[in-house]
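I opened this entry to keep track of what I looked up, item by item. The structure comes first, my notes after it.

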Amino acid sequence: MLEILEKLCNGEASEYDIYRLEKLAVNIKKASVCGLGQSAPNPVLSTLRYFREEFKEHAIEKKCRTNECKKIAKIEIDPEKCKACGLCQRNCPVEAIEGEAREKRVINQEKCIKCGTCIASCPFQAIG
Ligand code: SF4
Ligand code: SF4
(Lines give C-alpha, C1' and ligand atoms only; values in the text may rest on other atoms or scores of the structure.)
(Ligands and ions follow the chains in the order given, each with its own letter.)
Protein backbone atom coordinates (compact mmCIF):
# COMPACT_ATOMS: atom_id res chain seq x y z
CA MET A 1 0.00 0.00 0.00
CA LEU A 2 2.85 2.38 0.81
CA GLU A 3 4.45 1.72 -2.57
CA ILE A 4 1.20 2.58 -4.34
CA LEU A 5 0.76 5.76 -2.29
CA GLU A 6 4.31 6.79 -3.14
CA LYS A 7 3.65 6.14 -6.82
CA LEU A 8 0.58 8.38 -6.61
CA CYS A 9 2.57 11.15 -4.91
CA ASN A 10 5.33 10.90 -7.50
CA GLY A 11 2.98 11.01 -10.49
CA GLU A 12 3.83 7.42 -11.48
CA ALA A 13 0.53 5.71 -10.71
CA SER A 14 -2.36 4.77 -12.98
CA GLU A 15 -6.07 4.60 -12.19
CA TYR A 16 -5.65 0.84 -11.82
CA ASP A 17 -3.32 1.50 -8.88
CA ILE A 18 -6.20 3.17 -7.02
CA TYR A 19 -8.25 0.01 -7.55
CA ARG A 20 -5.32 -2.11 -6.30
CA LEU A 21 -4.87 0.14 -3.27
CA GLU A 22 -8.51 -0.15 -2.27
CA LYS A 23 -8.60 -3.90 -2.86
CA LEU A 24 -5.46 -4.38 -0.77
CA ALA A 25 -6.83 -2.24 2.05
CA VAL A 26 -10.08 -4.20 2.19
CA ASN A 27 -8.28 -7.56 2.03
CA ILE A 28 -5.77 -6.60 4.73
CA LYS A 29 -8.65 -5.63 7.03
CA LYS A 30 -10.46 -8.89 6.36
CA ALA A 31 -7.44 -11.17 6.56
CA SER A 32 -5.74 -9.72 9.63
CA VAL A 33 -6.03 -11.56 12.92
CA CYS A 34 -4.80 -8.69 15.10
CA GLY A 35 -6.46 -5.34 15.74
CA LEU A 36 -3.58 -3.41 14.25
CA GLY A 37 -3.92 -5.12 10.89
CA GLN A 38 -7.67 -4.68 10.97
CA SER A 39 -7.43 -0.94 11.54
CA ALA A 40 -4.19 0.02 9.76
CA PRO A 41 -5.84 0.39 6.31
CA ASN A 42 -8.57 2.70 7.69
CA PRO A 43 -6.85 6.02 6.92
CA VAL A 44 -6.45 4.96 3.31
CA LEU A 45 -10.04 3.74 3.06
CA SER A 46 -11.47 6.91 4.57
CA THR A 47 -9.36 9.21 2.39
CA LEU A 48 -10.48 7.17 -0.61
CA ARG A 49 -14.08 7.60 0.49
CA TYR A 50 -13.89 11.37 0.92
CA PHE A 51 -11.15 12.40 -1.53
CA ARG A 52 -11.45 9.95 -4.42
CA GLU A 53 -11.44 12.77 -6.95
CA GLU A 54 -8.05 13.92 -5.68
CA PHE A 55 -6.67 10.37 -5.92
CA LYS A 56 -7.86 10.31 -9.53
CA GLU A 57 -6.26 13.67 -10.24
CA HIS A 58 -2.94 12.35 -8.96
CA ALA A 59 -3.22 9.20 -11.10
CA ILE A 60 -4.68 10.61 -14.30
CA GLU A 61 -3.72 14.29 -14.50
CA LYS A 62 -0.56 14.00 -12.34
CA LYS A 63 -1.89 16.94 -10.38
CA CYS A 64 -1.78 17.73 -6.65
CA ARG A 65 -4.26 20.45 -5.61
CA THR A 66 -2.37 21.31 -2.44
CA ASN A 67 1.11 21.16 -3.99
CA GLU A 68 2.13 18.88 -1.11
CA CYS A 69 3.36 16.20 -3.53
CA LYS A 70 6.53 17.96 -4.54
CA LYS A 71 7.28 15.89 -7.63
CA ILE A 72 4.03 16.87 -9.30
CA ALA A 73 3.46 20.24 -7.64
CA LYS A 74 3.11 23.20 -9.95
CA ILE A 75 3.38 26.60 -8.35
CA GLU A 76 2.20 29.40 -10.62
CA ILE A 77 1.59 33.13 -10.56
CA ASP A 78 -1.88 34.31 -11.51
CA PRO A 79 -1.26 37.15 -13.98
CA GLU A 80 -4.63 38.67 -13.11
CA LYS A 81 -3.61 39.11 -9.47
CA CYS A 82 0.10 39.90 -9.83
CA LYS A 83 0.88 43.58 -9.11
CA ALA A 84 4.50 43.31 -10.24
CA CYS A 85 5.89 44.25 -6.82
CA GLY A 86 8.83 41.84 -7.16
CA LEU A 87 8.72 40.58 -3.56
CA CYS A 88 8.45 36.94 -4.58
CA GLN A 89 11.41 37.30 -6.92
CA ARG A 90 13.59 38.74 -4.18
CA ASN A 91 12.69 35.90 -1.82
CA CYS A 92 13.06 32.95 -4.19
CA PRO A 93 16.15 30.98 -3.09
CA VAL A 94 16.95 29.63 -6.55
CA GLU A 95 16.12 32.64 -8.76
CA ALA A 96 13.30 30.77 -10.44
CA ILE A 97 11.05 33.83 -10.80
CA GLU A 98 11.52 35.85 -13.94
CA GLY A 99 10.43 39.30 -15.03
CA GLU A 100 11.82 42.82 -15.08
CA ALA A 101 10.82 45.69 -12.77
CA ARG A 102 7.17 46.71 -13.25
CA GLU A 103 6.51 43.50 -15.19
CA LYS A 104 4.28 40.70 -13.96
CA ARG A 105 6.45 37.82 -12.78
CA VAL A 106 6.50 34.26 -14.10
CA ILE A 107 7.86 31.11 -12.45
CA ASN A 108 10.36 29.08 -14.41
CA GLN A 109 9.10 25.55 -13.72
CA GLU A 110 12.46 24.02 -14.65
CA LYS A 111 14.23 25.91 -11.88
CA CYS A 112 11.49 25.93 -9.22
CA ILE A 113 12.16 23.56 -6.29
CA LYS A 114 8.59 23.98 -4.88
CA CYS A 115 9.77 25.40 -1.56
CA GLY A 116 6.65 27.58 -1.23
CA THR A 117 8.55 30.68 -0.09
CA CYS A 118 7.00 32.85 -2.80
CA ILE A 119 3.46 31.83 -1.82
CA ALA A 120 4.02 33.17 1.68
CA SER A 121 5.78 36.31 0.46
CA CYS A 122 3.18 37.55 -2.02
CA PRO A 123 1.02 40.22 -0.38
CA PHE A 124 -1.66 39.83 -3.07
CA GLN A 125 -2.19 36.06 -2.85
CA ALA A 126 -1.27 35.80 -6.50
CA ILE A 127 0.71 32.58 -6.17
CA GLY A 128 -0.62 29.08 -5.70
S1 SF4 B 1 4.89 39.01 -4.88
FE2 SF4 B 1 2.91 38.63 -5.84
S3 SF4 B 1 2.30 40.60 -6.69
FE4 SF4 B 1 4.47 40.74 -6.23
S5 SF4 B 1 5.46 40.18 -8.17
FE6 SF4 B 1 5.27 38.32 -6.97
S7 SF4 B 1 3.37 37.42 -7.65
FE8 SF4 B 1 3.35 39.52 -8.34
S1 SF4 C 1 8.25 27.79 -4.87
FE2 SF4 C 1 10.27 28.38 -4.08
S3 SF4 C 1 11.67 27.85 -5.74
FE4 SF4 C 1 9.62 27.88 -6.64
S5 SF4 C 1 9.40 29.94 -7.41
FE6 SF4 C 1 8.54 29.94 -5.36
S7 SF4 C 1 10.22 30.62 -4.04
FE8 SF4 C 1 11.12 30.00 -6.00
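I looked up Cys34 and found it partly exposed, because its relative accessibility is 45%; buried means under 20% relative accessible area, exposed over 50%, and partly exposed in between, with a 1.4 Å probe and protein chains only. Cys69 is in no disulfide, and its nearest cysteine sulfur, that of Cys9, is 3.7 Å away; a disulfide is a pair of cysteine sulfur atoms within 2.5 Å. Cys69 has a relative accessible area of 12% and is therefore buried. I noted zero disulfides in the structure.

**Basis**

This is a predicted model, in which local features need pLDDT of at least 70 and side-chain atom pairs count only at pLDDT 80 or more, while totals for chains, interfaces and linings use all residues. Residues are numbered from 1 along each chain as its sequence is written, chains are lettered from A and ligands numbered from 1 in the order in which they are written, and side-chain values use heavy atoms, with hydrogens and water left out.

**Ligands**

For ligand 2 I have 13 surrounding residues, with Cys92, Cys112, Cys115, Gly116 and Cys118 the closest. The shell of ligand 2 splits into ten nonpolar, two polar and one charged.

**Positive phi**

Most residues other than glycine have a negative phi. I noted Ala84, not a glycine, with a positive phi of about 60°. Ala84 lies in the loop between H4 and helix H5 (87–91); helices (H or I, at least four residues) and strands (E, at least two) are DSSP runs, numbered from the N terminus. Ala84 is buried because its relative accessible area is 16%.

Arg102 also is not a glycine and has a positive phi, of about 70°. I placed Arg102 in the loop between strand S1 (97–98) and strand S2 (106–107). Its relative accessibility is 81%, so Arg102 counts as exposed.

**Leu45**

I found Leu45 in helix H4 (residues 42–61). Leu45 is buried because its relative accessibility is 14%. Beyond neighbours within four places in sequence, Leu45 is in contact (heavy atoms within 4.5 Å) with Glu22, Ala25, Val26 and Lys29.

Technical notes:
A residue is near a molecule or strand if one of its heavy atoms lies within 4 Å of it. Ala, Val, Leu, Ile, Met, Phe, Trp, Tyr, Cys and Pro count as nonpolar, Asp, Glu, Lys and Arg as charged, and the others, Gly among them, as polar.
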